[in-house]
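Subject: Structure handover

Hello,

Here is the structure I promised to pass on. My notes on what was found in it follow below.

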Amino acid sequence: MENIRNIVILTGAGISAESGIDTFRSEGGLWEQHRVEDVATPEGFARDPDLVLRFYDMRRESIQTKQPNPAHEALARLDREWSDRTGGNLLIVTQNVDDLHERAGANRVLHMHGQHLNAWCTMCDTRSTWRGPLIDRPACPECGVAALRPDVVWFGEMPYRMDEIYGALRQADLFVSIGTSGAVYPAAGFVQDARELGARTLELNLEPSQGSRWFTEARYGPASHIVPQWVE
Ligand code: BJW
C-alpha cells in the first residue's frame, strides 16, 4: 500500500456472511424470505409495526450469538495499526447493523444504516442500547413513552453521518468496498465519488458487484480469505 495515507473502507453484508449472518440479496437471503416493502420501509412499519418489530427482534437475538470472522479481525488490526504505521487515517463505513467490527476490536466504525443494538425513541429522539425484544412496546427509558423502533435506516430514510462520510472520501487515497452488492444508494455511489476525487478503488467481494466496472482493482473470493490476504 505504497503512497497510501488515508483509506475509507465500505463494508456490507458479505463480510458477515461467514459469521452466519444472512445477506440480503444472495440466494436464500433475507429479501427472499421477507418483502422489503413490509419490513424495511417507514410505510411498512406504520402499516404493521408488530411484523417489523418481530423481524428485527429475531435478527437482534440471532446476531448476538454470532462471532467476528477473520475478515473483521484483519480490518480491526489494520484499523488499530494504520495511523501509527503511516500517520494517515482509516475509516470503516459499514452498512451492516451488526456489531462484529467493534467486537473484533475496530475503533473507527461508522454505521451508516444504524445498529441493531440501539432502539430509537421517535418521541424524544433518544437512542438507547437495547439487547432484548421491542415487540412488547417497552417505554423509552428517557421520556417514558412507548414509541421505540429499531435504530436502523429503512428505504426512503436518510443514512446517518453522510457529511462525515463525504468528508473522509474527499481525503481518501484509497477506497475499498468489501462484501456489498452495490445495489443500494447512496453507498453504491461512493466508488464513483471516490474515483472522481482521485482515490484508487478496490473491490473485495465474492463476485463482481453491480458497480464492479467503477473499480480500478478487484479480488474475488470469500471475505475471510481475501480480506486478510489484502491486509497482510
Ligand atoms: C460475500 C460473501 C462472502 C456474500 N465474502 N462477499 C433508484 C435509483 C437510485 C436510488 C434509488 C432509486 N430508488 C430509490 C432509491 C434510493 C434507495 C435505493 O438505493 N434503492 C435501490 C434499491 C435502488 N436508497 C435509500 O432509500 C437510502 N436512503 C436514501 O437514498 O436517502 C436519500 C439520500 C440521497 C443521497 C445522499 C444521501 C441520502 C436508504 C437505504 C437504506 C437501506 N436499508 C437496508 C436495511 C437496513 C436495516 C436492516 O439490516 O434491516 O440496509 S436494505 C439492506 O441493503 C441493508 C444493507 O445495508 C443494504 C445493502 O446490502 P448489502 O450489504 O450490499 O448486502 P447484499 O445482500 O445486497 O450483498 C451482499 C454481497 O456480499 C453480495 O455481492 C455477495 O456476493 C457478497 N458476499 N457472501 C465476500 N463470504
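The ligand lies between domain 1 (1–21 + 68–113 + 159–232) and domain 2 (28–65 + 119–152), because both give residues to the shell around it. The domain bounds come from an automatic or database domain assignment.

Before the rest, two points on the source. This is a predicted model, in which local features need pLDDT of at least 70 and side-chain atom pairs count only at pLDDT 80 or more, while totals for chains, interfaces and linings use all residues. Residues are numbered from 1 along each chain as its sequence is written.

Ligand shell and domains

The ligand is surrounded by 36 residues, and the closest are G12, G14, T23, Q95 and S181. By class, the shell has 19 nonpolar, 13 polar and four charged residues. Here Ala, Val, Leu, Ile, Met, Phe, Trp, Tyr, Cys and Pro count as nonpolar, Asp, Glu, Lys and Arg as charged, and the others, Gly among them, as polar. Between the C-alpha centres of domain 1 and domain 2 the distance is 27 Å.

A helix pair

Helix α6 (residues 70–86) packs against helix α10 (residues 223–231) at an angle of about 20°, and their axes are 7 Å apart. Helices (H or I, at least four residues) and strands (E, at least two) are DSSP runs, numbered from the N terminus. Axes are lines fitted to C-alpha atoms, for helices over the stretch in contact, and angles run from 0 to 180 degrees between N-to-C directions.

The contact involves P70, A71, A74, L75, R77 and L78 of α6, with A223, S224, V227, P228 and V231 of α10; two residues are in contact if their C-beta atoms, placed from the backbone, lie within 7 Å. Nine of the contact residues are nonpolar, one is polar and one is charged.

Backbone points

Y185 and P186 are joined by a cis peptide bond, with omega about 5°. P186 sits in the loop between β7 (174–178) and α9 (190–196). D125, a residue other than glycine, has a positive phi near 70°.

Regards

Key. Near = placed C-beta within 6 Å.
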